[in-house]
Amino acid sequence: MPPRSSIRTPDQRLRVFISSTMQELAAERIAASDAIAALRMTPVLFEHGARPHPPQDIYRAYIEQSDIFLGIYWQQYGWIAPDMEISGLEDEFHLSYGMPRLLYIKNPALERDARLTDLLQIIRSQGLTYQRFSNPDELRDLIQNDLALLFSERFNGHLAVDPEDIDQFETPMPVSRVLHLPPLRDALIGRDREVDEISEHILQGDLRLMTLTGPGGVGKTRLASAVTHVLADEFPGGVCYVPLEAVEDDALVVAEIAQVLGVSDAGAECQMENVRAALADRHFLMVLDNFEQVIGAATEVTSLLHSCRGLRILVTSRMPLRVHGEQEFPVSPLPLPSVASSFADMIDNDAVQLFVQRASQIRHGFHLNEQNSGPIGEICRRLDGLPLAIELAAARIRLLTPQSLLERLDQALPVLADGARELPERQRTMRAAIKWSYQLLSTRERIVFTRLSVFSGGWDIGAAETVVSCDVIRSCEILDLVSSLVEQSLVAMEAGPHDESRYRFHVPVRQFAEQQLARSGEIDTIRQRHAQYYIDLIDRAEFLLRGPEQVEWLDRLEIERDNVRAAVDWLLDIGDAQDAIRIARGLSMYWVMRGGHSEGKAWMERALEQDADLPPQVRADACYVMANCSYGLGQLDRMMEVSRESVALYQQAENRYGEAFAFGMQGFAALQIGDLDRAESTLGIVADMMREFGDPWGVTLVVGHQSIAPLRRGNFERTIELIEEPLSLSEQTGDRLGRYTSLYISAEANHGLGLYDQAAAHFIEALKVTVELGDQSACAYCLQALARLVHTRKDYLRSACLFGAAERLLEGMFPPRWAFLPEPGVQECCVRALRDYLGDEAFRSAWSQGRSMTLEALIEFATIDDSPQEPVPVPARPSVAGLTSRELDVLRLLVAGESTIAIADSLFISRETARTHIRNILGKLGVSSRAAAVAHTLQHNLL
């Protein structure tokens with residue numbers, strides 16, 4: 001007698017029991033019912049009647065009368081009856097033993113009950129498989145497909161059985177599970193966030209294709225490998241890893257996939273159909289590694305995804321596939337330690353950890369310590385955090401110390417050539433990894449790629465169009481070609497100042513491109529074009545730095561600093577001192593505002609030594625630059641020497657404008673050494689010359705410094721009278737630097753006159769201007785001045801906060817001591833007084849608060865209302881020999897050996913006032929001379 005058929009006529013339909021929690025999956029239960037009914041089967045649900053009976057009796061009876069079990073799970077484990085230890089949901093699953101089971105899990109499930117997780121583990125342990133879905137519509141399609149497949153297979157006899165042998169219907173999938181995973185060599189460092197993020201995206205139902213992009217050596221393959229291992233249990237249909245580095249023909253990609261899947265070999269026409277058939281009903285993850293050289297096969301990927309609804313594909317490639325539905329995931333280099341990182345920070349840095357892990361495998365006992373952490377951090381920075389480059393560098397620890405290795409990284413590619421033998425050839429050296437990408441470029445892309453290597457620190461499209469274009473490649477084509485290099489991960493794109501896009505090479509990639517440029521025979525031509533571009537740029541910047549575009553051009557020169565340095569170095573290397581001096585002359589004001597005087601001075605010394613026959617005008621420019629840089633470095637003797645030479649040379653060249661600026665430098669030097677009469681006289685002459693030339697920027701600069709002489713004498717009225725002109729002109733011209741110095745000097749003069757509200761307003765405005773300029777030291781000077789001002793107004797806690805904030809800004813900096821700043825002793829005297837008034841605990845607390853505040857908060861905090869300030873209550877300051885607060889300040893300076901003039905300048909008081917204070921001190925101490933006052937103070941420990 002033939003076996004009983006499991007296919008029933010319409011009046012004897014197959015019954016499918018639907019098991020799930022009811023409320024959270026209500027929409028899914030409806031979708032499942034619709035899918036079952038559409039196939040002329042009967043959905044069986046708990047809620048369809050039999051209410052007078054106990055729930056457990058109902059679902060047990062329904063399962064006994066059903067032919068197929070359909071389980072749907074999400075986050076809830078379900079209700080547990082008082083007389084049971086498991087929920088009805090789990091009990092239904094166990095009661096379905098012996099039935100064909102179709103199981104579905106909804107994702108994402110961020111709050112899944114722990115007991116439901118345990119149930120899913122039981123399901124997996126029994127070798128059962130399940131499909132994932134994200135919405136009711138997707139579930140409906142999956143159920144219909146699976147039921148139709150099960151129905152047809154049984155009908156054809158593939159799964160036909162006698163009822164007594166029904167145990168073999170444990171899994172509904174008709175194909176075996178594929179697990180073809182790449183090996184994991186070591187623990188993946190620094191990628192936990194990326195692994196979690198990629199995994200979450202892949203498990204979302206609406207994302208089916210993700211491409212990991214990035215340059216060679218950034219770690220795309222290892223990241224994809226880690227993801228496949230994490231997700232292996234989430235894809236019941238299987239996971240497969242398809243390496244494509246050896247495949248160079250687009251047409252062979254499907255064949256490679258078929259081979260990994262174990263699909264039978266067939267003609268090209270049949271292979272795709274066989275792959276589709278193998279994957280059609282599976283919830284399956286496929287990794288296609290190194291897709292960049294077969295990018296033309298992207299259409300095959302979309303074809304597979306269209307045919308196989310349960311398929312997810314993860315691609316690694318140095319460029320995106322650019323197909324519908326693709327989500328690109330750029331893989332970035334590892335985060336780098338900063339130059340100022342502490343040893344504790346270095347221990348936690350991912351790039352450093354990777355280096356140490358690899359180095360310890362090469363040399364037993366190698367570890368990170370205080371001595372080698374600095375060189376290791378710099379090695380990671382030099383290699384831009386590229387994992388492959390870091391690992392290859394660490395492999396050299398077999399022969400080199402970290403410091404020795406660092407010294408050899410200027411030629412990184414030869415050093416980075418000791419990869420593990422089990423790695424693919426393209427990953428065993430950094431050169432091979434980059435060459436792999438280079439060989440995929442078109443001829444025109446290769447030309448652009450190699451020529452871009454002349455840029456140091458990055459470039460914008462305008463620079464590339466000027467330097468790289470030629471008769472073969474027009475400037476209008478450069479944007480598309482650079483964009484193509486970005487897509488192929490050979491060039492990195494990042495945000496520049498003022499929302500402009502910037503482009504750059506990673507260090508090893510640039511070195512490879514430089515080598516190709518050297519072989520091309522056109523390196524000198526391209527370097528000359530590069531240098532000329534920056535000569536023209538600096539020519540424009542020199543005058544734009546004086547007006548309303550000052551901040552924009554400061555930022556632009558800041559970001560182009562490496563390129564300008566490379567241009568000057570090359571010009572000096574080929575003996576072109578004149579163009580090198582031309583660039584330095586244009587950078588003079590930039591160095592004043594952003595630093596760099598040491599480098600400028602070194603350039604000029606080299607240029608002057610290199611060419612003794614420079615024209616007077618050019619040599620005068622070089623001497624002027626030397627004077628400017630010497631001023632910034634505090635080398636006043638050298639400044640005076642070269643400024644005199646510069647004046648004589650400008651006179652020889654009949655350049656009165658240049659002569660005026662060079663002569664003005666002598667006035668600046670006189671201010672610094674305290675020769676106020678000479679300074680005022682010299683700068684007055686130069687100011688008249690500037691007015692004659694009609695140069696408002698020059699007038700602002702010179703008259704601003706001229707006003708410092710009366711400020712130092714305590715003649716605050718004269719200072720305010722002089723500074724009005726620079727204040728007005730700087731506002732008209734948009735010169736932010738001139739505005740800052742004029743405001744600062746005006747505020748100091750008003751402070752000296754006791755006009756505290758006006759002083760505060762100008763200090764606050766000056767502070768805001770320094771923030772615009774990006775001048776951190778100038779910000780600190782404004783905060784110090786405000787601290788002294790609020791101290792005068794007896795707002796001691798606020799004063800200590802502001803001093804603390806200024807200290808933080810100046811840490812690790814050695815900015816110039818400009819002529820308009822008070823002597824350091826003034827700040828120190830004020831800080832000592834604050835500590836005395838507040839006491840150590842309150843002083844330290846306020847100081848620490850200031851160090852922790854942002855600039856934005858500080859500006860608001862420092863703002864002083866027009867209304868009189870009530871002094872902050874502080875511990876009473878003990879009287880010392882009846883001396884007033886100001887007399888104590890004078891006494892401290894007397895003990896320090898300061899002269900009457902120095903005391904007056906330090907405290908911003910007149911010399912006569914200083915003499916009066918000294919006479920009062922001698923009288924109160926009962927002594928007749930300054931020396932006796934100092935001796936009495938020290939003997940009785942008065943300070």
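1. Start with the meeting of two helices, where G462, A463, T466 and V467 in α19 touch I526, R529, H530, Y533 and Y534 in α22; contact here means heavy atoms within 4.5 Å. By class, this contact has 5 nonpolar, 3 polar and 1 charged residues. Ala, Val, Leu, Ile, Met, Phe, Trp, Tyr, Cys and Pro count as nonpolar, Asp, Glu, Lys and Arg as charged, and the others, Gly among them, as polar.

2. A word on the model: it is predicted, with local features needing pLDDT of at least 70 and side-chain atom pairs counting only at pLDDT 80 or more, while totals for chains, interfaces and linings use all residues. Residues are numbered from 1 along each chain as its sequence is written, and side-chain values use heavy atoms, leaving out hydrogens and water.

3. Now the geometry of that pair. Helix α19 (residues 461-468) packs against helix α22 (residues 523-544) at an angle of about 135 degrees, with the axes 9 Å apart. That makes α19 oblique to α22. Angles under 35 degrees count as roughly parallel, over 145 as roughly antiparallel, 65 to 115 as roughly perpendicular and the rest as oblique. Axes are lines fitted to C-alpha atoms, for helices over the stretch in contact, and angles run from 0 to 180 degrees between N-to-C directions. The crossing of α19 and α22 is right-handed (near helix turned clockwise from the far one by less than a right angle; anticlockwise is left-handed).

4. Follow α22 to another partner, helix α24 (residues 561-573): their axes come within 9 Å and cross at roughly 120 degrees. α22 and α24 are therefore oblique to each other, and their crossing is left-handed. From α22, the contact includes H530 and Y534, and from α24 it includes W570 and L571. The residues of this contact divide into 9 nonpolar, 3 polar and 2 charged.

5. Stepping back, the protein chain has 45 helices and 13 strands; these are DSSP runs (helices H or I, at least four residues; strands E, at least two), numbered from the N terminus. Of its 943 residues, 55% are buried, meaning under 20% relative accessible area, with exposed over 50% and partly exposed in between (1.4 Å probe, protein chains only). Among contacts between residues at least 6 apart in sequence, 71% join residues at least 24 apart.

6. At 9% relative accessibility, A232 counts as buried. Its C-alpha atom is separated by 8.5 Å from that of L181, 51 residues apart along the chain.
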